[in-house]
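Please open the structure in a viewer and keep the selection panel at hand. The stops below are arranged by chain and by topic.

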Amino acid sequence: MYTRDPIFWRAGAASSLIVMVAILIALTINTIGVISVGGANVPPYTVINQAIGYVDDDSQHEYVPTISGSDPLFGHVYDERQATALIHEGKLVIQSRACLECHSVFGTGAYFAPDLTKSWLDPVWRQMWEPMTQTHTRADAMVAFLMHPDKYPTWTREMPNLHLTRDEAQAVVAYLKWTSSINTNGFPFGFQADPDTPNGKQAAVNR
Amino acid sequence: MTPMGFVADAIGLGLFALLGGAYGLLYAVSELRADCRFARLALASYAAQSAILLSVLAFSALGPIWKVFLLVSGIAYYFIPRVTLRYLKNLHASGEIHS
Amino acid sequence: MTSVRSLYSSQKLALRYFTLSVALFGVMIVFGLVAATQYIHPSFLFPALAFNMVKTMHVDVLILWLLTAFFGSLFWLLPSEFKRDLVGMRAANVVFWLFCATIAAVALTFLFVQTGPGTDKTLWLINQGRKYVEEPRWAAVVVAIGIAVFVYNIIGTAVAAKRVTGITAVIILNMIPLFGLYMIAFPAMTNMALDQFWWWWLVHFWVEATWEVLIGAIVALVLMRVMNASRSVVETWLYIEVALVLATGVLGIGHHYFWMGAPKYWLGIGGFFSALEPLPLLGMVIHAVYDAGEHKMKMTNQPAFYWTMLEAFGNFIGAGVWGFMITLPQINLFAHGTQWTASHGHLAFWGAYGCGVISVIYLAVQEAGGHEQIGGRAWKWAFGLLNTGMYGMGGSLLIAGMAQAFYERAIGGSTFNAYVAAQQTPWFLEGIWMRWVFGLIFTAGYAVLAGNLIAIARRSRVPVAAGTLAVEGAGTR
Ligand code: HEM
Ligand code: HEM
Ligand SMILES: [Fe+2]
């Protein structure tokens, strides 16, 4: 019978591979468009000049990032070239310091320390680290912490001092601000963000 | 999906697959040893798997399409060991002749 | 075939690779234990050796011990398929020593240099910081060359022998994507979404496609060897396996594209196809039972037999059951990136690959030493301790992972505070403690396993260089 014939199954293996890979390639082309910088789900790097949030969108039943008004990072407005260079450096720092061997981004990495996908929007910066580092903005608190995590221990697990320069720390902060603006289909669920507020409103709303 | 609901679903799905495996294993053993005690255990595993499946279908917040999918795979689990084993027996019988 | 006289030169190299692999397995366990200890006592070795470098060593060496064991397995098994020695053995031997030197250099770099400034140079010389392929680029180049030479050894031999069996055809065709995917170890894309998109091709298509096919082919060769199974049967079965693994596993990659910026259709596609992945694994369990029932009277190598059987069950449980639990998007939203993932990763790697390569190593030490029979008690202790340890760790991490998914991801909203709170819940802490205890049991099992393998190698009828498994005095062809 043909089902006992190896040739039949060899043809089956080859054709299932061809069909599946063909579908995969088609989906890959489409996906690359969506996840390239400036694609539907991944904002351009200049998004770091804007106010970012993360809200429960009732119409979609999931959490989605919001991008509104201007909110310059470290008081600068980065043009496209500068923003790209900064974010590029941030990625190199993240790789060279093996950050994702303790943390994760988009839930991928290690589990010894918190996920960083929306870390930029974490209320803990304002609640804990701004007072601790005696800074007045989230971005500055992050830089201070990243440069000297050993000075600001928070619980039993400490982050090692990875000797980031100020430039490197700023690049990482920019990187994390950018990742927080990416649409990740509702992950992490239920994250209560501490949203950026467009410049003018800052004082009134937050302080 | 509620927090408790998702843990319950995950446990349900884990048991579903595990019991499906147990059924397949026991069924194959019962056939090869021609031992009806194993056959009874195999059926009991499949019954347990079906019970788990029914409770997932009844209580889970998974959408209807996923539930249909689970139902179909629950039925497939019943036949896979039978078809595979019969096929393997035939294959070996013909293989012995040819080689 | 079991006589020492007929040892091919590729088989001598295989024994070296197995020695290296078993040693690396031990190194990996040491770093696993250190990492597990740091979960309980974060000050352990801190900050001299922080968790990030420990984990780097653990998972990088994981890939290496399995890869070197795959090399060894094919070097051991293929000559009898081709009915001749493999070609290019001189280059292959150079690659072996190059690997040893590279691994040592990278380990020293990871332990003592650790990290560097955020420049390309760091990625070339020190650390790439990408999970499973952390080795600096220069070392990745060496690995790529090594895999390329290996592909040449196999394809070149097929050409020289003018003989391609079904199994060798599968192995050859499979080596091409296996090598090609490794190229993903090099880039450092700025865009994390794109970076992860391609990185998953490497990780998922290695473990759920190319490695799965490779271990299927290796098991097929082992079955023909230890059970005298007929070629046409084994080959037919291998084709079926490949067809089903690829039919489900290729688009199954979608289960990694739920939350990294990719479009929503991956939730349906990834969930659907990956949820089918357990079914071929169930077929392999049935096959294992069938073979056990049909052929067990001819058993001359109990350990190889039992480890092969366990490979089928372990693959189904670790990949099939544990993967299925978290593969539907509604559940993965919470379980994603927790100890639950680690629980699945451990059981799946162990079941599918760890058990498989251990069985080939037992086969090789038997054939190399010309032993009629391999048995005794030690291997049973190793088997029992290793598996108690691994399934105990898997169960402990499952409990810790469920607690983490529940408290941090589902209730707490995954903030810093939610993370810290979940790590301190009793369920989580108990799970993490139990993992450590079972880790010790696993380590004890490893010690017995290594001791047993060395003892068998020493007992061989030919002189063996002290402290190695390599058979030096055997006749060559
Ligand atoms: C004594 C034995 C072992 C111990 C104590 C151990 C411990 C650990 C620890 C602590 C981690 C880090 C998880 C994290 O990021 O928080 C880890 C990761 C990992 N280990 Fe092990 N391990 C052991 C053996 C093994 C074995 C034998 C395998 C495979 C055959 C393995 C495969 C892995 C994998 C794949 C990961 C990465 C998982 C992930 O990040 O999702 N481990 N292990
Ligand atoms: C031998 C086969 C397999 C191996 C070795 C394996 C190993 C792994 C590892 C190591 C990870 C963690 C990846 C990381 O983040 O570093 C992972 C993730 C995952 N695996 Fe598997 N796996 C296998 C088969 C399967 C199968 C058959 C399924 C589905 C039924 C599955 C479902 C998943 C899912 C859903 C994740 C993502 C977990 C998360 O969201 O964090 N795996 N696998
Ligand atoms: Fe996967």
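Helices (H or I, at least four residues) and strands (E, at least two) are DSSP runs, numbered from the N terminus. The model is predicted: local features need pLDDT of at least 70 and side-chain atom pairs pLDDT 80 or more, whereas totals for chains, interfaces and linings use all residues. Residues are numbered from 1 along each chain as its sequence is written, chains are lettered from A and ligands numbered from 1 in the order in which they are written, and side-chain values use heavy atoms, with hydrogens and water left out.

**Stop 1: cis peptide bonds**

Select A:F187 and A:P188. The peptide bond from A:F187 to A:P188 is cis, and its omega is near -5°. A:P188 sits in the loop between helix 5 (166–179) and helix 6 (202–206) of chain A.

Next, select C:F46 and C:P47. These residues are joined by a cis peptide bond with omega about 0°. C:P47 belongs to the loop between helix 1 (9–40) and helix 2 (51–82) of chain C.

**Stop 2: histidines with positive phi**

Return to chain A and select A:H61. This residue is not a glycine, yet its phi is positive, near 55°. A:H61 lies in the loop between strand 1 (50–57) and strand 2 (62–70) of chain A.

Is A:H61 buried or exposed? With 72% relative accessibility, A:H61 counts as exposed. The classes are set by relative accessible area: buried is under 20%, exposed is over 50%, and partly exposed is in between (1.4 Å probe, protein chains only).

Now select A:H163, another non-glycine residue with a positive phi, near 55°. A:H163 is placed in the loop between helix 4 (138–147) and helix 5 of chain A. Its relative accessibility of 61% makes A:H163 exposed.

**Stop 3: helix 4 of chain A**

Select helix 4 of chain A. Nine of its ten residues are buried, so this helix is largely enclosed by the rest of the structure. The buried residues include A:R138, A:M142, A:F145 and A:M147. Contact here means heavy atoms within 4.5 Å.

**Stop 4: a cysteine**

Select all cysteines. A:C99 counts as buried, at 18% relative accessibility.

**Stop 5: chain B as a whole**

Along its principal axes, the C-alpha trace of chain B spans about 60 × 30 × 15 Å.

Of the 99 residues in chain B, 46% are buried. Among contacts in chain B between residues at least 6 apart in sequence, 65% join residues at least 24 apart.
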